[in-house]
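Here's a quick briefing to read alongside the picture.

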Amino acid sequence: MSLPDFARTTTFRWTLAVAGAFALYIVVLFAAVYWRTEQYLTARSDAVVTLQAQTFAAATPERRSDAIGEFLRQDPRMVQYAGLFTAEGRRIVGNLEALPGDLQIDGPAQQSLLRVGPGGSETTIVRAIAARLSDGSVLVIGRNVDEVEEIAEIVGGALAVGLLPALCLSIAAGALLSIRAQKRVEEVNLRARRIVAGDLRQRLPTRGVDDPFDKLAMIVNGMLERIEALIHEISGVGDDIAHDLRTPLTRVRVRLERGREHAATVEELRAVVDQSIASLDQSLAIITALLRIAEIEHSRRLEGFGQIPLAPLLREVGDLYDPIAEDKRVTLRVDAADEATVHGDRDLLFEAVANLVDNAIKFTPEGGRVELALVRRDDEPVIRVKDTGPGIPDDERDAVTKRFYRSDKSRGTAGLGLGLSLVAAIVKLHGFRFSIAAGPGCLVEIACPQLH
Amino acid sequence: MARLLLIEDDKETADEIRAELGERGFDVDWAANGIEGLDKARSGEAEAIIVDRLLPGMDGLTIVEALRHAGVRTPVLVLSALGAVDDRVRGLRAGGDDYLTKPFATVELIARIEALLRRPAESRDTMLRVGPLELDLIERTAKRGERTIDLLPREFRLLEYMMRRKEQMLTRAMLLEEVWKYKFVPQTNLVDVHMGRLRRKVDEPDEPPMIHNARGVGFILRVPA
């Protein structure tokens with residue numbers, strides 16, 4: 001036997017459990033009400049019969065029979081019982097057929113079975129009291145407690161009317177809720193399966209309402225967006241690699257083929273092989289650089305982060321490039337007096353600054369100047385590299401930070417065309433700002449806001 | 001003749017490396033997988049171990065960690081196609097002594113193995129001597145014979161590194177990593193320029209040269225004949 005799907009959901013089970021607990025509570029509550037009411041009514045009946053018995057007992061024996069008759073006549077609802085019996089138990093007056101055997105004489109009011117009707121044909125359970133009077137006769141006063149049964153009926157009826165529909169309603173609500181939840185889960189399942197199958201454009205359904213399920217769906221959608229972007233980036237990197245490796249690899253292939261056909265001496269063949277190895281090395285360097293840029297752009301490699309004083313870093317870059325500049329007859333000036341420290345990865349920052357200085361020296365003609373400075377603007381440390389080279393034309397400033405971009409003017413200068421993309425990736429990782437300003441010459445800046 | 005252990009799953013690569021190293025006079029034992037490699041490495045016969053990181057079902061670093069854990073101190077060169085800076089750091093942290101990214105030039109591999117085999121002992125000497133060359137680590141002065149050499153701090157650092165590894169091939173990448181602690185490959189030929197400076201100061205035109213450019217891949221400091 002299998003339950004319908006919705007009945008197996010957690011939502012439905014919880015609904016059932018809550019409805020059950022609620023029903024139990026109502027039953028207990030009603031039972032308490034019934035019990036307290038019964039107690040109250042019984043106590044009241046007892047008080048009434050006791051008072052009545054005392055009244056009759058106080059009357060003279062002559063008046064007593066009349067009073068009892070009158071008392072019974074004035075009870076249209078037929079809830080009162082009274083009887084006066086001789087000491088032997090014979091009835092003198094009243095609507096009771098016989099002296100009830102279970103009734104304790106001169107005791108408190110108690111429950112008793114009375115025989116009433118012609119010839120004692122009927123019995124009824126009442127609250128009754130019996131008292132022996134001064135002349136030896138026995139007085140019995142009873143009061144019907146049907147009201148208690150009526151109340152029980154009312155309470156039971158109310159329970160039936162109120163509780164059953166409420167139970168049905170909660171089961172229905174539980175079923176509905178779980179069916180709805182299950183529908184959403186099934187929809188999510190379906191989309192998830194499509195995503196697994198490779199359709200990364202799929203998103204989980206949202207309803208635009210502020211419920212936890214929607215929030216979760218939105219978070220997952222955010223994740224999916226990021227994953228999709230990453231996949232695109234990766235395939236982009238792949239495309240870049242494929243595109244930019246074809247050229248050097250084709251060259252190597254042609255060169256090797258020609259060398260094989262035409263080289264006349266071992267020396268000639270060696271020269272061909274050497275050139276080919278150099279080209280292959282260059283291709284490998286391109287792959288490494290591209291992967292590195294992708295790694296920096298997409299990883300949150302923050303484990304190497306620490307407080308980095310900028311001035312020593314700049315001086316060290318200057319120290320490293322000083323002989324290179326000198327060889328090229330370019331003046332390299334380092335002006336780093338600021339005490340600024342930034343939160344960052346020292347190796348990456350070094351690499352970025354070194355790249356900028358490397359570029360500046362490379363593009364500055366003999367006799368020119370390269371300035372590496374640490375300045376402060378709007379209370380932010382700014383690393384500035386300025387040179388007297390040809391600069392970067394306005395319309396090419398954005399493009400230079402893209403992979404492989406190389407200005408026409410720089411063709412013929414060694415390099416992979418990846419330097420500035422690498423700098424841009426490093427700067428972005430740190431949350432810094434990279435800008436290439438118009439100038440005479442080239443002026444690039446890395447502004448380092450100190451975030452906390 | 002130094003015994004080496006090569007743990008590399010690709011037979012073709014392994015054969016190439018063994019042939020190259022064999023020609024240089026190394027006796028190379030080969031293990032094609034991690035388990036075998038670990039067993040051979042534990043025997044302690046090899047003087048240096050070359051481990052590929054991407055072994056079938058195992059990261060080569062696991063072997064290095066296991067060896068170090070077992071107290072085996074044999075120097076290890078980790079080979080990897082994973083070239084990111086973090087990978088290198090992880091490789092060294094796992095107990096590797098050097099890390100080389102595939103593909104590599106054979107000379108680079110050999111230079112690094114030789115460096116591992118001849119790791120300079122931690123000496124407390126305050127004076128280094130190679131032939132006529134003298135380096136005073138306290139006074140920070142350098143002399144060749146009677147001639148005082150005036151060195152910039154960066155040149156001093158470079159010469160100290162070379163003197164501690166005399167007669168040893170030091171490739172550009174090794175110098176960058178060890179002397180300058182730079183973990184990236186600069187576009188400009190930085191090492192050559194710096195070495196050129198140092199060389200002009202160490203080897204004057206009338207003196208027999210000590211700093212030699214070797215096969216276009218690195219530099220060797222030699223005692224003049």
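Helices (H or I, at least four residues) and strands (E, at least two) are DSSP runs, numbered from the N terminus. With that in hand, you can find Pro103(B): it sits in the loop between S7 and helix H5 (106–117) of chain B. Keep in mind that this is a predicted model, where local features need pLDDT of at least 70, side-chain atom pairs count only at pLDDT 80 or more, and totals for chains, interfaces and linings use all residues. As for labels, residues are numbered from 1 along each chain as its sequence is written, while chains are lettered from A and ligands numbered from 1 in the order in which they are written.

**How confident is the model?**

- pLDDT is the predictor's confidence in each residue, from 0 to 100.
- Chain B has an average pLDDT of 87, and 94% of its residues score at least 70.
- The scores for the model are ipTM 0.80 and pTM 0.60.

- Chain A contains eight helices and twelve strands, and chain B contains eight helices and 14 strands.
- A residue is called buried if 20 or more other C-beta atoms lie within 10 Å of its own, exposed if 12 or fewer do, and partly exposed in between; the C-beta atoms are placed from the backbone.
- By that count, 25% of the 452 residues of chain A are buried, and for the 225 residues of chain B the figure is 33%.
- Two residues are in contact if their C-beta atoms, placed from the backbone, lie within 7 Å.
- Take the contacts in chain A with a separation of 6 or more: 63% of them are between residues 24 or more positions apart.
- In chain B, 58% of the contacts between residues at least 6 apart in sequence join residues at least 24 apart.

- Two packed helices are described by the angle between their axes and the distance between the axes.
- Axes here are lines fitted to C-alpha atoms, for helices over the stretch in contact, and angles run from 0 to 180 degrees between N-to-C directions.
- Helix H1 (residues 10–58) of chain A and helix H3 (residues 146–196) of chain A have axes that come within 9 Å and cross at roughly 170°.
- That angle makes H1(A) roughly antiparallel to H3(A), since angles over 145 degrees get that label, with under 35 roughly parallel, 65 to 115 roughly perpendicular and the rest oblique.
- Sorted by class, the contact of H1(A) with H3(A) has 22 nonpolar, six polar and two charged residues.
- For those classes, Ala, Val, Leu, Ile, Met, Phe, Trp, Tyr, Cys and Pro count as nonpolar, Asp, Glu, Lys and Arg as charged, and the others, Gly among them, as polar.
- Tyr34(A) belongs to H1(A) and is partly exposed, with 17 other C-beta atoms within 10 Å.
- Leaving out residues up to four places away in sequence, Tyr34(A) touches Ile151(A), Ala152(A) and Val155(A).
- Tyr34(A) and Gly156(A) are 122 residues apart in sequence, yet 9.3 Å apart in space, C-alpha to C-alpha.

**Helices that pack in chain B**

- Helix H6 (residues 153–164) of chain B packs against helix H8 (residues 190–202) of chain B at an angle of about 85°, with the axes 10 Å apart.
- H6(B) and H8(B) are therefore roughly perpendicular to each other.
- On the H6(B) side the contact uses Arg154(B), Glu155(B), Leu158(B) and Leu159(B), and on the H8(B) side His194(B), Arg197(B), Leu198(B) and Lys201(B).
- The classes in this contact are three nonpolar, one polar and four charged residues.

**Strands in chain B**

- Two strands pair if DSSP finds at least two bridges between them.
- Strand S6 (residues 76–80) and S7(B) pair in the parallel sense over four bridges, and Ser80(B) stands opposite Thr101(B).
- In strand S7 (residues 98–101), Asp98(B) and Leu100(B) point one way, Tyr99(B) and Thr101(B) point the other way, and all are buried.
- Three strands make an open antiparallel sheet in the order S12-S14-S13.

**Backbone details**

- Lys102(B) and Pro103(B) are joined by a cis peptide bond, with omega about -10°.
- Arg329(A), a residue other than glycine, has a positive phi near 55°, and Arg329(A) is exposed, with 11 other C-beta atoms within 10 Å.
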